[in-house]
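I opened this entry to keep track of what I looked up. My notes run from the whole chain down to single residues.

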Amino acid sequence: MSVYHHPKNVSAGSLCVDHFETLPGMAVNDLHLAVEIGAWWTAAVYACGNTTQPLYFDGQPRLPSGIYQSESGGLLTGVPALTAGMNDPAGYQPHPMATLQTPAAPDGDIDPLAAVADVLAHVANLAAGQTGSPVTALTLITDRAWGPRARQRLQQAAISAGLPDPHVVTAAAAAASVVQSGTEGPGPYVAVGTGGLEMAILDCVTGYHQLAHLPIHDSSAESIDRALAQVAAERAAADSEVLLGDWRVMREIRLARSSLADQPRTSILLPEPYQAVLLTRSDIHAAAAPYFDDIEETVKQLVAEAELEVSEIGAVVLVGDDAVIPELEAALTTAGLPLAVVLRDPHVISYGALQLTQPLYAASRGTAATVRLPRTRLTLANLARVAVLAACSVALLWQTIETAITWKTGSTVTAVYLPRENIAFAAALAALTGWAAAQLTPTTWILSSHADDNITTGALLRRGYLGAASLSLALAGLWGLGIGIGVHYTPDPYIKITILTAAPFAAAAAIIALTAHRIPASALPSWLQRVSPPAPAIALAAAGVFVEQLAFSTSPTYLFDMAGLFQSAGAAMLGAGTAFTATRQPLLRGIAAVILGSGYALVTGFFTARYLTIAYIGVLIWWAIITTAATVMASTSLGGWLRRWLTPPE
């Protein structure tokens, strides 16, 4: 695999991406994406097959990080968002990752979770489009260590973007890993600094654990950005408070700081009606000087926080193309630290994070029994599929009771006519309701105390599907008993029908419970989607059966003499639902829906409608069988054996 090349000995000075070599551990079709969403810019690197490459956005190495929210509520990302934000500054959020560290945004502001999810989705779609593979592993870089709740929000943003559970790495750890991998023993402790004048010390032996973090600050001086903005305001004869509160000015200041790393002077554009002004390196020097006046004490404080001595720091890494970096490098050398290695390439942090988490990704290729899926708080949206299936089952049960024809001798019911196939359909839907509920167990939690439990996905799946198996039979029996009570007749034949119908679903759920824990961790997200009951198709079929039964009820007058139309419409809906349930291929679905829908509408009648419903129940049972078979194949060696056996010889 081609990746960033490290010389055998990395000397002090600038270190840039110039060559790629091979890293082991990636499967041919795996796409591992590392994304750094910074304060103003986003950079990414991906590893796929035998190559590791930086991701370019329309030929540019970095993407603007901001999000623009239009009046309609839609979100724009990248350059279109920045362009729209220049004309409407209030609708632009330049640094969504910073807002994600706080709780939910106030009403009217951009939702930080949705903003970060959109940026991640944009980057992931571009990487997938270039490689032809979906993202199978994700690494996210944060500017500093985040707390557990903030990390959970970041995890939820990745899930919302349709991405796998991310590994989260700090920029300092990624920078240290880049230098440490290319040296012959600078010592276990590495100091990392940034153009934002923040320092950290990491223990590279214990997994790049951060021992200390300290900003370089001067309480009597303004921040460098504000000081430069003040200079720009004076030169433009502008109101400094207005400029200091405008993110467009701060963005120009950041661009100027990058330009001044290579040039003696640069211009910055100010919002109308102000003219552009020049900034020089001397301006940078004047703004940064107060921060370096007492740098020795700052270094001593940082080292003391890590419980080390200055002499134990084996290497210093400075990250960024900021004009402050040379001044910081000189100040740290004066304070007794080793000569710094400067990482200026915009992709080097993303590469370092990718390299750091690659062994973790390879180790995470376990099974459901050893890993945990990302879990989010249970919401009404999570319950939608369960609610739809349950509502359809209850509606059919109620209609069957209400439209039953009974014969009495005195006050005793001696015979009952009702569509028994509809009872069976209601029982099947009750069983599938248990399936849908079982799927929520590995991906949702109700109480906050459950968010950090150590229960594996395999254990949750076993509990959920065993519960679904028992719940299927219990509900089926209850449904049969309810029919008997509703029509005032012995429930024995109805209980037999409902139990027999639910039995295949209960057996399938039990088999899944016993085998799902062996499913490879990388296959879990796609497997969960595969075994999810097709609720929209089932709801369409159930509605068709319901409408058909209206036409066959004992009181058709309320249909305004349109019983035939209701009968045909219901049959067509059942036919379309059958097609949508039987296959997942969009084109085949469309063709089958037209054929079955029109065919069912033509053949339906009082004596034939029952067979259409029975056929759909058969389709549901077949769906459960092939879903269970897919689970068994994914979780055992049987799947590989079958694939090898079915593959024709070359």
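Below are my entries, in the order I made them.

**Whole chain.** I noted before anything else that this is a predicted model. I looked up the secondary structure and found 22 helices and 23 strands in the protein chain. I then checked burial: of the 650 residues in the protein chain, 49% are buried.

**Contacts and surface.** I took the contacts between residues at least 6 apart in sequence and asked what share joins residues at least 24 apart. The figure is 70% for the protein chain.

**Nonpolar patch.** Which residues make the nonpolar surface patch of about 560 Å²? I wrote down I405, W407, Y417, F606 and F607. I followed up on one of them, W407, and placed it in strand 21, which covers residues 405–409. Is W407 buried, partly exposed or exposed? I have W407 as partly exposed, because its relative accessibility is 45% and that class lies between the 20% and 50% cut-offs.

**P54.** I next went to strand 6, residues 51–54, where P54 sits.

Technical notes: Residues numbered from 1 in each chain as written. Predicted model: local features only at pLDDT ≥ 70, side-chain atom pairs only at ≥ 80, totals over all residues. Heavy atoms only, no water. Helix = DSSP H or I, 4+ residues; strand = E, 2+ residues; numbered from the N terminus. Buried < 20%, exposed > 50% of the residue type's maximum accessible area, 1.4 Å probe, protein only. Contact = heavy atoms within 4.5 Å. Patch = residues over 30% accessible without salt bridge, like charges linked within 9 Å, V, L, I, M, F, W, Y side chains within 5 Å. Areas by Shrake-Rupley, 256 points an atom, 1.4 Å probe, with all protein chains shown as cover. Salt bridge = Lys/Arg side-chain N within 4 Å of Asp/Glu carboxyl O.
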